[in-house]
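Student: Could we go through this one together, step by step? I'd like to begin with how the chain folds back on itself.

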Amino acid sequence: MTNNHYSYEIKLEAIRLLNAGMSGRKICKQLGLKSDGLIYTWRNWLRNGEYYRLRQGQGKQYKYQKGDLELPNEMRKNLEIKQMQEELEVVKNI
């Protein structure tokens, strides 16, 4: 048994499909996800304003947002802008 890591883009796409009315099982099959429970967890993070949790890798301290702080300032700001734009597209459909 292995741990799966899903990209930020896959997570946003899964949330978008869920918000569009597609069932969790169909999304898992289409995107190759292990469990539909993940999608609901990701959507809850968005609803609670914990956007940074979608981008951070496994084992990072989500509470302190350490994953993003390890990047250089310029790169982190560009990432934040891109992230906000992508999240706006998903949040519009919630």
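**Reading the fold**

Tutor: Among contacts in the chain between residues at least 6 apart in sequence, 52% join residues at least 24 apart, where a contact means heavy atoms within 4.5 Å. Keep in mind that this is a predicted model, in which local features need pLDDT of at least 70 and side-chain atom pairs count only at pLDDT 80 or more, while totals for chains, interfaces and linings use all residues. Residues are numbered from 1 along each chain as its sequence is written, and side-chain values use heavy atoms, with hydrogens and water left out.

Student: Okay, and how many helices and strands are there?

Tutor: The chain has six helices and zero strands, so from the N terminus on the order is simply α-α-α-α-α-α, with elements taken as DSSP runs numbered from the N terminus: helices are H or I runs of at least four residues, and strands are E runs of at least two.

Student: What share of the residues counts as buried?

Tutor: Of the 94 residues, 30% count as buried, and that word means under 20% relative accessible area, whereas exposed means over 50% and partly exposed is in between, with a 1.4 Å probe and protein chains only.

Student: Switching to the core, which residues have the most contacts inside the largest one?

Tutor: The largest nonpolar core has 16 residues, and those with the most contacts inside it are A14, I15, I27, L33, I39, W42 and L54. A nonpolar core here is a set of buried Ala, Val, Leu, Ile, Met, Phe, Trp, Tyr and Cys residues joined through side-chain atoms within 4.5 Å. The elements that give two or more residues to this core are α1, α2 (24-31) and α3, and the largest share, six residues, comes from α1.

Student: W42 keeps turning up, so where does W42 lie?

Tutor: W42 lies in helix α3 and counts as buried at 4% relative accessibility. W42 and A14 are 28 residues apart in sequence, yet their C-alpha atoms are 8.7 Å apart in space. Leaving aside neighbours within four places, W42 is in contact with Y6, K11, A14, I15, L33 and L54.

Student: How many aromatic pairs does the structure hold?

Tutor: The structure holds one aromatic pair. The rings of Y6 and W42 have centres 5.9 Å apart and planes at 70°, so the pair is edge-to-face; rings of Phe, Tyr and Trp (its six-membered ring) pair if their centres lie within 6.5 Å, and planes under 30 degrees apart count as stacked, over 60 as edge-to-face and the rest as tilted. The pair links distant parts of the chain, with Y6 in the segment before α1 (8-19) and W42 in helix α3 (residues 36-47), 36 residues apart.

Student: And are Y6 and W42 buried or exposed?

Tutor: Both Y6 and W42 are buried.

Student: New topic: which side chains meet in a salt bridge?

Tutor: The structure holds one salt bridge, and the side chains of R16 and E13 meet in it at 2.6 Å, N to O. The term means a side-chain nitrogen of Lys or Arg within 4 Å of a carboxyl oxygen of Asp or Glu. R16 and E13 are three residues apart in helix α1, so about one helical turn separates them.

Student: Why does one turn matter there?

Tutor: An α-helix has 3.6 residues a turn, so residues three or four places apart point the same way. As for accessibility, R16 counts as partly exposed at 35%, and E13 counts as partly exposed at 26%.

Student: Last one, how far apart are the end C-alpha atoms of α1?

Tutor: They are 17 Å apart, which agrees with the 16 Å that its twelve residues should span at 1.5 Å a residue, since the expected span is 1.5 Å times one less than the number of residues. After α1 comes G21, whose phi is positive, near 105°.
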